[in-house]
Amino acid sequence: MIDKIKEHIAEVEKFTTQAKEDIENFRIKYLGKKGLLNEFFAEFRNVPNEQKKEFGQTINKLKEAAQEKVNALKEALENKAEEKGVYGDLTRPAQPMEIGARHPISLVKNQITDIFSRIGFNVSEGPEIEDDWHNFTALNLPEYHPARDMQDTFFIQTNPDILLRTHTSSVQVRYMENNKPPIRTISPGRVYRNEAISARSHCFFHQIEGLYIDKEVSFADLKQTLQHFTKEMFGKSKIRLRPSYFPFTEPSAEIDVYWGLATETDHKITKGTGWLEIGGCGMVDPNVLTNCGIDPTEYSGFAFGVGIDRIAMLLHQIGDIRLLSENDVRFLEQFKSAL
Ligand code: DAH
């Protein structure tokens, strides 16, 4: 009998497996309720007294060996699982990564600033809360000038000198006051006007201002620059500069892009004309240069202002300007794949 137990000990010591069920079967075989160990313990009564000691010691040895083996195999299995956890299953598809989306206003703003950066314009910014000088007076709009009515202004409290800027043209003034020509800068930003909110207009929106000041800058330079811009931005280089009036430029023009009439949408957005207005421009009025400390006999320049919201609505087919400020995630998520 003792020899039989010793054989089992040898067998236990040799046993190895990596399968969970095999370990469990092994455990049941030796350590289970109806396992071999209990069988041997039951034999204990029938063993002659002089053999009892050795018999007992041998069974205990078998028990220890079986228990140790089960523990060792289980641990090895766990370690292996852990190791697997570090590297994972290399064939498993990756976890999808949630990426955010840029706001359509930022997308368009970045596109425009990129286009102008490539032709040597830097980016400048100014405050949204402005004073009368930078928003109006320096731009050739003195007090009581009728053109001030063109822009319904939000004033801060009752101080008529402090207001929310009505256009990014105020940044032109700040830039010229602080920098000597040659100047090539574009200034994106938010502007405010006291207007009724509808699908087409809002009390705040975004503009991008361009300013170029150097010796002998001509209207032809303005036209070429705008043409380059519309080509890069929309893939369309046919533009029209329609005579207009702005107090800070002379001559002034409205910028129209020829959008075409290829599709029904083209008809709709251009009201059947094929032409689309994107902003205003002109040669900087000598008075403005003087107001900003630049000698108009030495320097000349052009300026332009373009509406970002309108372009974003056009390019992304957004039918209601209010969507741009509601921050509805369902709307914003749609721009994930954009640049
Ligand atoms: N500031 C004008 C507006 O908000 C747009 C504009 C027109 C800007 C002509 C300019 C410009 O720089 O030259 O309606």
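This report covers the ligand site, the nonpolar cores and some local backbone features of a predicted model.

## Ligand site

The shell around the ligand holds 16 residues, and His-167, Ser-169, Arg-193, Gln-207 and Glu-209 come nearest. By class, the shell residues divide into five nonpolar, nine polar and two charged. Four elements each supply at least two residues of this shell: helix 7 (169-178), strand 6 (204-214), strand 9 (275-284) and strand 10 (300-307).

Several polar atoms of the protein face the ligand. An N or O atom in the side chain of Glu-209 is 2.5 Å from a ligand oxygen. For Ser-169, a side-chain N or O atom is 3.0 Å from a nitrogen of the ligand. Phe-304 takes part through its backbone: a polar atom there is 3.3 Å from a ligand oxygen. The ligand on its own has 350 Å² of accessible area, and the protein covers 91% of it.

## Nonpolar cores

In soluble globular proteins, nonpolar side chains tend to be buried together. Here the largest nonpolar core has 40 residues. Ile-112, Leu-226, Met-233, Phe-234, Cys-281 and Phe-304 have the most contacts inside it. Helix 5 (residues 104-117) gives this core its largest share, six residues. A second core is separate, with 21 residues, including Val-173, Leu-211, Phe-246 and Val-288.

What does Phe-234 touch, leaving aside its neighbours within four places in sequence? Its contacts are Val-257, Trp-259, Ile-278, Ile-311, Leu-314 and Leu-315.

## A buried threonine

Thr-153 is found in the loop between helix 6 (132-135) and strand 3 (155-156). Is this residue buried or exposed? The relative accessible area of Thr-153 is 16%, so the residue counts as buried, the cut-off being under 20%. Beyond its neighbours within four places in sequence, Thr-153 is in contact with Phe-136, Leu-163, Leu-164, Thr-166 and Asn-194.

## Backbone features

Two cis peptide bonds are worth checking in the model. One joins Pro-181 and Pro-182, with omega about 5°. Pro-182 lies in the loop between helix 7 and strand 5 (183-192). Another joins Glu-250 and Pro-251, with omega about -5°. Pro-251 is placed in strand 8 (residues 249-258).

Lys-271 is not a glycine, yet has a positive phi of about 50°. Lys-271 sits in the loop between helix 9 (264-269) and strand 9, and is exposed at 76% relative accessibility. Gln-317, also not a glycine, has a positive phi of about 50°. Gln-317 lies in the loop between helix 11 (308-315) and helix 12 (323-326). With a relative accessible area of 63%, Gln-317 is exposed.

How values were computed:
Residues are numbered from 1 along each chain as its sequence is written. This is a predicted model: local features need pLDDT of at least 70, side-chain atom pairs count only at pLDDT 80 or more; totals for chains, interfaces and linings use all residues. Side-chain values use heavy atoms; hydrogens and water are left out. A nonpolar core is a set of buried Ala, Val, Leu, Ile, Met, Phe, Trp, Tyr and Cys residues joined through side-chain atoms within 4.5 Å. Buried means under 20% relative accessible area, exposed over 50%, partly exposed in between (1.4 Å probe, protein chains only). Contact means heavy atoms within 4.5 Å. A residue is near a molecule or strand if one of its heavy atoms lies within 4 Å of it. A polar contact is a pair of N or O atoms within 3.5 Å; within protein, one must be able to donate a hydrogen and the other to accept it, and residues adjacent in sequence count only if both atoms are side-chain atoms. Accessible areas come from the Shrake-Rupley method with a 1.4 Å probe; for residues, only the protein chains shown count as cover. Ala, Val, Leu, Ile, Met, Phe, Trp, Tyr, Cys and Pro count as nonpolar, Asp, Glu, Lys and Arg as charged, and the others, Gly among them, as polar.
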